[in-house]
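Open the model in your viewer and show it as a cartoon.

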Amino acid sequence: MHEKTLKLLEFDVLRQRVAQGALNEEAARRILRDLPLWDPQEVGKLKRLATAVWDRLASGDPEPQDPLPDISFLVPKLGVAGSSLSLEEAYALGVFIERGVALKQWLVAGVPQEAEQKPLYTLVQILPDCTPLSREVFRVLDKTGKLRDLPVLREIRQRIHTLTRDMEALITQYVHAEGTRYMLQSSVPAQRDGRMVLAVKANFRGRIKGIVHEVSTTGQTLFIEPGDVVEKNNQLLIEAQRLEGEIRRILREMTARIAQQRQALEAFHEGIIRLETIRARARYSWETQGHFAQGEEDAFGWNQSIRLKQARHPLLGAQAVPIDFVLEGHTRVMIITGPNTGGKTVSLKTLGLFVLMNQFGLALPAAAGTLLPFCDGVYADIGDEQSLSRSLSTFSAHMSTIAAIIAHATEKSLVLLDELGSGTDPQEGSALAMAILDHLMEKQARIIVTTHQGSLKHYGYTQEQVENASVEFDAVTLAPTYRIRMGVPGESRALDMAARNGIPPLIIKRARSYLQDKGADVSALIRGLTIKHQELNAALELNRKEEQRLREERRRADLWELRLRQQEEELKAGDLGKLRRLLEESRKTLENLVREVKEGELSREKTLKVKEFLHDLETTVAAEDRALQEEVRALAEAQHSLAAEQEPNRPPQFPIKPGTLVRAGKYKHQGRVFRAGKNGSWVVEIGSLKMSFPEHELYPVPIAQGQEKPVIALPDLASDVHPQLELSLRGMRLEEALEALQRQIDAAVLSGLREFSVIHGKGEGVLQQGVHTFLKEQPQVAEYYFSRPELGGFGRTEVIMKC
């Protein structure tokens with residue numbers, strides 16, 4: 001891995017931004033020294049750790065953000081026999097331990113020991129417990145870093161206080177006494193060499209007996225320590241030295257006790273610094289709203305596809321234009337062409353920097369679903385005129401760099417070559433460029449090339465493992481769109497760009513005249529391919545929308561049919577109940593009448609009772625029949641509405657009369673109405689058969705339509721589907737999970753369930769993102785959001801259905 005490549009891709013700038021998020025200077029320095037990892041197992045482990053910390057940041061739990069003191073120089077000091085920590089050093093050590101423990105507790109608080117969380121949980125749990133050491137420090141110091149008022153120190157301080165007070169009383173006598181105060185230059189005592197003295201005028205030198213400590217530069221003032229103050233100063237100095245000695249003894253003994261646990265402290269210190277470097281990576285990923293690239297390290301292979309979705313260069317900020325980039329697994333070379341300032345070099349640097357970020361344990365500023373396989377090195381030769389340095393390389397410098405790349409690249413390397421073959425004769429440069437690509441393809445490296453050479457565009461069509469791509473150019477505004485179009489080469493548009501940048505029109509016109517005999521056919525071919533490619537994309541997008549619309553209509557039709565079946569079953573159940581009650585009551589009444597007839601003679605009164613019973617029974621049956629016909633009519637209207645949704649091109653309904661051509665019955669057999677039947681039915685002649693059908697089962701066919709239309713067969717949905725209050729999708733593939741979620745929504749609509757929850761877990765975020773994208777497209781869903789942290793947070797989603 002070349003240091004030059006890291007600078008070309010501006011990885012050092014990105015690394016500085018990550019380090020700024022660290023709350024410890026040592027962790028920041030370590031991040032600035034770190035390089036992308038080239039071991040796939042280590043890459044996967046680092047990404048899982050960063051993802052777990054990212055989940056903690058997303059949980060909403062308050063994050064400890066107090067800075068961690070730098071104690072990197074203290075830990076080795078503890079290994080020196082007889083060493084002693086200063087007050088500041090001891091305080092920094094105690095604070096580091098306390099805040100490190102707070103970081104540990106925050107990282108594992110409320111985190112389930114699931115598979116994706118185990119690496120972080122294990123890393124935190126193996127750290128030794130150093131809280132006894134922080135208690136040892138704060139037994140001597142208070143929380144502000146000052147020495148506590150220990151009993152052994154309290155007695156000395158009280159003695160110093162007494163001596164100071166006595167000495168001040170003696171000095172005050174000299175200041176206020178009538179016989180001495182006029183001899184003083186100042187009424188305020190002074191300090192010389194830690195001793196209290198008087199500022200005496202020089203002409204009164206012999207009047208106040210004592211020791212002269214200093215003479216002023218003018219010679220007008222003598223600083224004299226009076227004789228009766230000397231002893232007090234001596235006693236005060238002795239007590240101060242005694243206090244300092246006692247403090248040194250306390251710190252030395254404390255240091256010795258801490259040094260006994262030096263190995264545990266070293267392990268704790270190293271673990272906390274490593275956790276802080278991971279937290280800085282996770283914080284950068286969280287703040288940039290990135291997504292971790294998909295793929296497990298044991299599944300990484302350089303034959304996998306490279307997919308960037310809505311990728312934004314992390315250093316361009318709001319100016320970054322999202323790009324989509326796809327390099328299938330069987331493709332070894334992609335040749336990107338198009339106009340200058342169109343985004344070719346930015347796309348090249350975005351891909352290279354994304355690979356470095358992925359193997360540095362960072363989330364990528366791209367949409368979910370971005371796929372980057374592991375590689376063992378990234379090599380770049382980019383003469384980027386748009387860089388801040390604006391430096392240009394010579395042809396020989398380019399060749400020197402490419403020679404080094406050829407020597408080091410392997411089948412798992414990513415090679416980025418900007419403007420390959422430029423800077424020399426176009427014909428020779430193109431030949432050399434194709435030979436270089438041939439050699440790198442033989443080594444099975446993955447190569448991304450930008451160029452303006454027309455020969456390389458043709459090379460992209462003639463080689464099996466090579467694909468063309470281009471950056472889009474708006475022919476109307478004569479400006480690049482900064483979007484990549486796969487599969488089609490692009491024109492350089494040099495004349496358009498020159499005109500856009502102020503070259504006079506006359507010069508542009510002359511230049512076009514020189515091009516009329518050369519390359520016009522190639523440009524026309526490229527424009528034709530571009531137009532066809534755009535038309536194909538538009539057709540594919542239209543087809544996708546139509547498929548989505550048909551799926552939605554089919555789903556609504558299925559729901560309609562299910563509702564109709566349920567309604568039909570309810571009607572049948574209700575009608576059968578009514579008939580049973582009618583038969584039961586009629587049977588009892590008839591039995592009573594028969595018994596009365598048998599018990600006596602047949603009289604006119606009994607005969608009238610029987611007739612009245614039969615008349616009432618007939619009236620009741622007729623009423624029930626009318627009610628049933630009304631319900632059948634309502635059900636038929638609903639079925640017609642369902643049929644209209646299923647067959648939007650169905651001809652309008654015509655009045656049915658004898659001779660009308662119709663499709664009849666469940667199977668839509670074509671026939672002709674023969675005559676009216678009983679109870680609103682019609683007799684239909686189908687071939688040689690005459691059959692009776694209710695009017696709602698007849699579909700008139702216009703005369704112009706002599707052929708029978710195909711019938712849409714709806715699937716037989718189960719009528720016993722019940723929604724769940726909590727739907728668990730964990731362990732499912734995305735396709736299975738979305739099918740289960742679709743069934744849940746349908747069942748919720750049918751049963752009137754207002755809200756439910758979906759458990760999808762966190763993991764890499766694929767299932768989470770897929771569920772949210774699916775719910776966003778469902779018209780029956782009113783809103784959805786993540787659960788509260790205590791209910792599952794980002795691993796669970798609450799769904800609210802529309803009323």
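Predicted model: local features only at pLDDT ≥ 70, side-chain atom pairs only at ≥ 80, totals over all residues.

Residues are numbered from 1 along each chain as its sequence is written, and side-chain values use heavy atoms, leaving out hydrogens and water.

Select residues 395-408. This is helix 13, with 14 residues. Helices here are DSSP runs of H or I with at least four residues, strands are E runs of at least two, and numbering starts at the N terminus. Now show the side chains of His398, Thr401, Ile402 and Ile405, which are buried (under 20% relative accessible area; exposed is over 50%, with a 1.4 Å probe and protein chains only). They lie on the same side of helix 13, because their arc around the axis is only 100 degrees (taken from the directions from the helix axis to the C-beta atoms). Turn to the other side: Ser396 and Ala407 are exposed there.

Move to strand 10, residues 446-450. Five of its five residues are buried, so the strand is largely enclosed by the rest of the structure. Arg446, Ile448 and Thr450 sit on one side, Ile447 and Val449 on the other.

Now select its partners. Strand 7 (residues 333-337) pairs with strand 10 in the parallel sense over four bridges (pairing needs at least two DSSP bridges). Val333 has Ile447 as its bridge partner. Strand 9 runs parallel to strand 10 too, joined by five bridges. Asp418 is partnered with Thr450.

Technical notes
Expected span 1.5 Å × (residues − 1).
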